[in-house]
Amino acid sequence: MKRIAVIDRDRCKAPEKCDYMCMKVCPVQKNNLKIFNILQDKKPSIDESLCIGCGICVKKCPFNAIIIINLTKEPDERPVFQYGPNTFRLYRLPIIKEGKVIGIIGRNGMGKSTAINIIAGLLKPNFGDFSKKYDDKEIIREFRGSELQSYFEKLYSNKVIISYKPQNITQIKNMLKEKTVRELLSKVINNLDEISKKFEIENILGRKIGDLSGGELQKVLYIFSVYKDHNLLLIDEVTNYLDIYERLRILNNLNEIKEKDTILIIDHDLLFLDSISDIIHIVYGVQKAYGAFSYPVGAKEGINNYLNGFIKRENLKIRDKPIRLDVKSYTDIKFGKNIIEWENVIVNLDSFRLEVNPGYIRENEIIGVLGRNGIGKSTFVKTLAGEIKYEGNISKNLTISYKPQFYDFSNYNITVDQFLKGFNEKYKEDYKEYLSMLNISDLLDREVNTLSGGELQTVYTFGTLIKDADLYLIDEPFANSDIEQRLVLSKFIRDIIKIKGKACLVVDHDLIFLNWVSDRILVFTGEPGKYGKALGIYENKEGLNIFLKQLDITMRTDEETKRPKINKQNSRLDLIQKQKGIYFE
Ligand code: ADP
Ligand code: SF4
Ligand code: SF4
């Protein structure tokens, strides 16, 4: 059995706050075998070849800094890359097949960025031997016989020109904040007028990058990377902050360019990834400890294997339980009385008008909200809360607890624990089990401004829901989170609302999880920034049908996993469904 021992060097507080507890309790060390060493930074290291995997040090470390993994089967004889002693390691890499779209699916923290950095030549493989520097020839030799050999030959002879849309767009926002969109894009695009029309960014060309919204910035950076000279395009999580309309626009654009391009794409929107990928690599492993790329398979097989938690061709279980998209929690709970009702509400803001058809929300009810950004979804909820003037009738004003779509916590140097106490002083006692289910326990002593995008979404969604209110509005809870996290967040939202007997509106553009979390769906239509109309609240299937009809796309359900899939435009199924008027089957 192979052991992997990881020591989180930020969490480890030796030598100031810990007297090497791990070393003292280790039975191997007690036996006078030198399994522990103290490194230059005064923190310990563990010799994995001597470790018996008893886990005593893990339990005794006061700062949860140690992870020990007992691997029955190592993914490969040795990793492609390891950062240092007792750190994360990556096994295998995605295969770059020319002219194909290579999709990557997997949890965050499993080495996708590490792999991208190696593919981009920013990190050099060290094959687990972090004390050694491999030169280009040695690296190419290590990959001989595999498809990666020719890739690294090209990469190291400067024949691969990479264009890269990174995941963390906030970092880029800070770097380029004084530049205008026009200045940035005109570097790589000659016919900027034509391209701006195509992507509907004419109105923001003069804006500074630092003043763009998340969705606008995402779109601009996508356009930049696609039009920048390249023969390999790396797109890391492009769907975050984009509404469904913009996601489809990018999907169409990728379909246009894919014939002549080689594209590596990471995304957690299953509909998007399924629709664009030719092949899929699954990334599996243990967060923070190790990650491994599966061998490539077709898109359908890859996504289904991932959801099932079992990679068929490798006979490998990657998760205890499958992800079931067809089984919701708490479907047996009855809805309570109406907590609010409204009739023909009209809101007039400076240059925006919102019309709302009659509707009601009941206790215990989660309403999914579908519609483009800027067509009045949050205006509607603020109106229900009595924060905005309106014409028409609303039965009463409710107290609301609200997580907005965008927020900037870069100045928040309070800990997550302090942040959460601001929502509910007693959260640790009242919501203990959820802290571990949502993976928040490990974040409590971290400062809010050091959290990743996905961690922050989870913490803020949790905070919003543990506060006392009648109605909760959660705008884009799933952005930046991986699929497993989207599922636990959805479960948490359903649990809390049903247990508290309150109501919740969830806005998101991941249709799969929005459908999963919702009891009914509110559909918006209109023209962003000018006019919005809330058509009404429908049963999920009907709501999705009305919404997809507006977008002119059809979806069917995959037989094996029951996940929805987008039908190819004008395919046989697409045409049949449109003829029957069934946009969501
Ligand atoms: P969504 O939640 O769908 O993104 P919003 O309700 O935030 O939509 O905004 C809809 C439109 O209303 C936007 O164009 C926005 O600029 C405008 N808007 C929002 N609040 C105000 C306000 N207080 N005054 C004027 N315009 C506003
Ligand atoms: Fe020692 Fe057990 Fe920790 Fe391994 S798991 S380092 S044997 S205490
Ligand atoms: Fe570091 Fe934890 Fe070991 Fe203390 S017990 S030295 S904090 S790893």
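Trainee: Let's start with ligand 3: which residues are the closest to it?

Mentor: Keep in mind that this is a predicted model. Ligand 3 is surrounded by 14 residues, and the closest are Cys 12, Ala 14, Cys 18, Cys 22 and Cys 61.

Trainee: What classes of residue make up the shell around ligand 3?

Mentor: Sorted by class, that shell has 12 nonpolar residues, two charged ones and no polar ones.

Trainee: Next, helices. How do I read a pair of them?

Mentor: Two packed helices are described by two values, the angle between their axes and the distance between the axes. Here, take α18 (residues 453-466) and α19 (residues 483-500): their axes come within 11 Å and cross at roughly 5°. Angles under 35 degrees count as roughly parallel, so α18 and α19 are roughly parallel to each other.

Trainee: Which residues make that contact?

Mentor: Gly 454, Thr 458, Thr 461 and Leu 465 come from α18, while α19 brings Gln 485, Leu 489, Ile 493 and Ile 496. By class, this contact of α18 with α19 has four nonpolar and four polar residues, with no charged ones.

Trainee: And the whole chain: what is its radius of gyration?

Mentor: The protein chain has 25 Å, which agrees with the value near 25 Å for a compact globule with 585 residues. Its C-alpha trace spans about 80 × 55 × 50 Å along the principal axes. The chain has 22 helices and 27 strands, and 42% of its 585 residues count as buried.

Definitions and conventions
Residues numbered from 1 in each chain as written. Chains lettered and ligands numbered in written order. Predicted model: local features only at pLDDT ≥ 70, side-chain atom pairs only at ≥ 80, totals over all residues. Axes fitted to C-alpha atoms, helices over the stretch in contact; angles between N-to-C directions. Helix = DSSP H or I, 4+ residues; strand = E, 2+ residues; numbered from the N terminus. Parallel < 35°, antiparallel > 145°, perpendicular 65-115°, else oblique. Contact = placed C-beta atoms within 7 Å. Nonpolar A, V, L, I, M, F, W, Y, C, P; charged D, E, K, R; others polar. Rg over C-alpha atoms; globule rule 2.2 N^0.38 Å. Buried ≥ 20, exposed ≤ 12 C-beta atoms within 10 Å, placed from the backbone. Near = placed C-beta within 6 Å.
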